[in-house]
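Please consult the sequence and the structure while reading.

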Amino acid sequence: MIFNKDTAKQTAKVLLQINAIKLSPQKPFTWASGWKSPIYCDNRIILSFPIIRNYICETMAKQIEKQYGKPDVIAGVATGAIGIGMLVAEYLDLPFIYVRPEAKGHGRKNQIEGFIEEGKNVVVVEDLISTGKSSLNAVRALKEANIHVKGMIAIFTYGFEVAEENFKKENIFLQTLGNYENLLEQALETQYITQEELKTLSDWNSNPSEWNTN
């Protein structure tokens, strides 16, 4: 899992600017998993801000070419990464497909939507990495369809150890534009959070499943 510090800092800056990431140590959010969290990330908001979505798209596209070379196809993970994935594919002048969490129960019962031939190379675009399970589920679906996954690129990662372990286990290389550590640095530097709140946010990241359970 790699990232560029300057890119990570700029990504954190724009995500905080448009409230795609919200930090609320005093009034934690509840995730779908049931975890209590002082941070909530919704990168779909990026699509509503042309300058910022162009920055994210162009940065992703350039990082893909630098890290993986130009693939045959860009694959987005449904639903969060469909929009940005399609923009990246457009920027690189490549075909686009997306992968559902599971196959549809009707019609053609596709899990992979769009046209791709067996043996083609793809880079998977994701908006957010938490544990990595849903992202890697998409990777497995592509592999089962005899498609070669060169790697994955995401807008932001929480940097959980479990995610690193999951990606390592599946032998999938992950690159992200932004990450939790640099987000906190940027938030503190711009006085979005205090030193006390920084400690709370750091404590959560080290043990998110058990944080604030009392």
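**Helix packing and cores**

The model is predicted: local features need pLDDT of at least 70, side-chain atom pairs count only at pLDDT 80 or more, and totals for chains, interfaces and linings use all residues. Residues are numbered from 1 along each chain as its sequence is written, and side-chain values use heavy atoms, with hydrogens and water left out.

**The α2–α3 pair**

- The axes of α2 (residues 50-68) and α3 (residues 82-92) come within 9 Å and cross at roughly 60°; axes are lines fitted to C-alpha atoms, for helices over the stretch in contact, with angles from 0 to 180 degrees between N-to-C directions.
- Helices (H or I, at least four residues) and strands (E, at least two) are DSSP runs, numbered from the N terminus.
- From α2, Arg53, Ile56, Cys57, Glu58, Met60, Ala61, Lys62, Ile64 and Glu65 meet Ile84, Leu87, Val88, Tyr91 and Leu92 of α3, where contact means heavy atoms within 4.5 Å.
- By class, this contact of α2 with α3 comprises 10 nonpolar, no polar and 4 charged residues; Ala, Val, Leu, Ile, Met, Phe, Trp, Tyr, Cys and Pro count as nonpolar, Asp, Glu, Lys and Arg as charged, and the others, Gly among them, as polar.

**Nonpolar cores**

- The largest nonpolar core has 44 residues, and Phe156 and Tyr158 have the most contacts inside it; such a core is a set of buried Ala, Val, Leu, Ile, Met, Phe, Trp, Tyr and Cys residues joined through side-chain atoms within 4.5 Å.
- Helix α2 gives the most to this core, with 7 residues.
- Apart from this core lies another, of 23 residues, including Val77 and Val149.

**Valine 77**

- Valine 77 belongs to strand β5 (residues 73-77).
- Valine 77 counts as buried at 5% relative accessibility (buried is under 20% relative accessible area, exposed over 50%, partly exposed in between; 1.4 Å probe, protein chains only).
- Valine 77 and valine 99 lie 22 residues apart in sequence, yet 5.2 Å apart in space, C-alpha to C-alpha.

**Backbone geometry**

- The peptide bond from alanine 78 to threonine 79 is cis, with omega near -5°, and threonine 79 is in the loop between β5 and α3.
- Asparagine 19, a residue other than glycine, has a positive phi near 65° and counts as partly exposed at 37% relative accessibility.
- Glutamine 191, in the loop between α6 (180-189) and α7 (195-206), has phi near 60° and is exposed at 71% relative accessibility.
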